[in-house]
Amino acid sequence: MTATTFGETFADFWSQTLGLGYGATSAVLISMFLLLLGGQLYVKTYIPPLFWSVMATSSIAGTLVSDFIDRTLHWGYPLGMGVLLSILAVILGLWKLSGLHMNVAGSMTRTQECFYWAAILTSNTLGTALGDFLADSLDWGFALTAGILGAILVICALLAVFTKFNPVVLFWVAFILTRPFGASFGDLLTKSTEKGGLDLGTGKASLVIFALFILFFGYELHVLHKKKTKEIEETDEAEEAPTKIVSDEQA
């Protein structure tokens with residue numbers, strides 16, 4: 001969620017605060033996303049800094065594409081969401097028809113990763129449009145929208161932990177909803193008080209969210225390090241364990 005919120009505030013910082021516009025900013029950051037994605041598809045192991053760099057830039061790119069569709073192409077939120085939802089349905093449908101598993105918790109082939117990242121980028125774009133639609137078009141406001149979506153995400157987490165509900169369905173529902181949550185929470189932090197925000201500004205908000213992201217990222221690295229250390233210790237203990245030799249007479 002910190003990655004998606006950072007995507008909202010950082011994209012606005014580039015396009016609005018720096019005045020670069022949605023078209024130019026989208027081109028630059030989407031190129032960055034594609035470059036990092038190429039690296040992610042090339043490597044054969046999980047490299048946390050690379051993976052989360054791709055995830056963060058996909059969130060930024062999704063925010064920019066959503067804003068470009070609504071504010072530059074003037075499609076509006078309903079049409080934009082309809083098109084994006086159709087694209088996401090096609091991606092997931094093709095993934096399902098391919099016969100490849102859709103469980104993102106395990107290892108994936110190159111084809112699965114391509115499906116995964118295509119769905120991620122589309123979900124990020126769809127989620128941003130949905131968040132803006134709920135907060136602006138339906139006039140729910142940033143705080144109410146973030147609160148409702150946050151509650152749904154908590155329910156998804158509880159279902160994942162305490163029930164046998166399909167984990168693949170829960171993952172994609174939760175992931176799609178992290179985007180409107182991030183968009184709404186990001187707008188809550190950056191928009192003026194007249195618009196219902198806290199008026200922290202895109203620069204300060206981006207720094208705060210990025211600091212939280214680094215904190216959680218550091219915790220993940222710590223957990224992975226402990227897990228790897230434990231595996232090495234167990235392997236060493238197994239190799240050092242005395243082997244019982246059975247003599248011919250005992251046999």
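## Nonpolar core

The largest nonpolar core of this predicted model holds 36 residues. Met55, Tyr116, Trp117, Ile120 and Trp172 touch the most other members. Helices H2 (22–42), H3 (48–72), H4 (77–97), H5 (110–137), H6 (142–162) and H7 each supply at least two residues of this core. H5 gives the largest share, nine residues.

Leaving out residues up to four places away in sequence, Ile120 touches Met55, Ser58, Trp172 and Phe175.

## Overall fold

The protein has eight helices and zero strands. Its pattern along the sequence is α-α-α-α-α-α-α-α. Of its 251 residues, 40% count as buried.

Take the contacts between residues at least 6 apart in sequence. Of these, 69% join residues at least 24 apart.

## Thr122 in H5

Thr122 lies in helix H5. Is Thr122 buried or exposed? Its relative accessibility is 9%, so Thr122 counts as buried. Beyond its neighbours within four places in sequence, Thr122 is in contact with Leu84, Ile87, Leu88 and Ile91.

## Helix H7

Helix H7 covers residues 167–190. At 1.5 Å a residue, its 24 residues should span 34 Å. The end C-alpha atoms are 34 Å apart, which agrees. H7 is mostly covered, with 18 of its 24 residues buried.

At the start of H7, Asn166 makes a side-chain to backbone approach. A side-chain oxygen of Asn166 comes within 2.9 Å of the backbone nitrogen of Val168.

## Aromatic pairs

The whole structure contains 11 aromatic pairs. One of them joins Phe51 and Trp52. Their centres are 5.2 Å apart with 90° between the planes, an edge-to-face pair. Phe51 is buried, at 14% relative accessible area. Trp52 is partly exposed, at 25%.

Phe181 and Phe185 pair in another way. Their ring centres are 5.9 Å apart and their planes lie at 5°, so the pair is stacked. Both residues lie in helix H7, four residues apart, about one turn of the helix. An α-helix has 3.6 residues a turn, so residues three or four places apart point the same way. Phe181 counts as buried at 14% relative accessibility. Phe185 is partly exposed, with a relative accessible area of 29%.

## Aromatic cluster

Which residues form one aromatic cluster? The members are Tyr46, Phe51, Trp52, Trp95, Phe115, Tyr116, Trp117, Phe171, Trp172 and Phe175.

Notes:
Residues are numbered from 1 along each chain as its sequence is written. This is a predicted model: local features need pLDDT of at least 70, side-chain atom pairs count only at pLDDT 80 or more; totals for chains, interfaces and linings use all residues. Side-chain values use heavy atoms; hydrogens and water are left out. The expected span of a helix is 1.5 Å times one less than its number of residues. Buried means under 20% relative accessible area, exposed over 50%, partly exposed in between (1.4 Å probe, protein chains only). A polar contact is a pair of N or O atoms within 3.5 Å; within protein, one must be able to donate a hydrogen and the other to accept it, and residues adjacent in sequence count only if both atoms are side-chain atoms. A nonpolar core is a set of buried Ala, Val, Leu, Ile, Met, Phe, Trp, Tyr and Cys residues joined through side-chain atoms within 4.5 Å. Contact means heavy atoms within 4.5 Å. Rings of Phe, Tyr and Trp (its six-membered ring) pair if their centres lie within 6.5 Å; planes under 30 degrees apart count as stacked, over 60 as edge-to-face and the rest as tilted.
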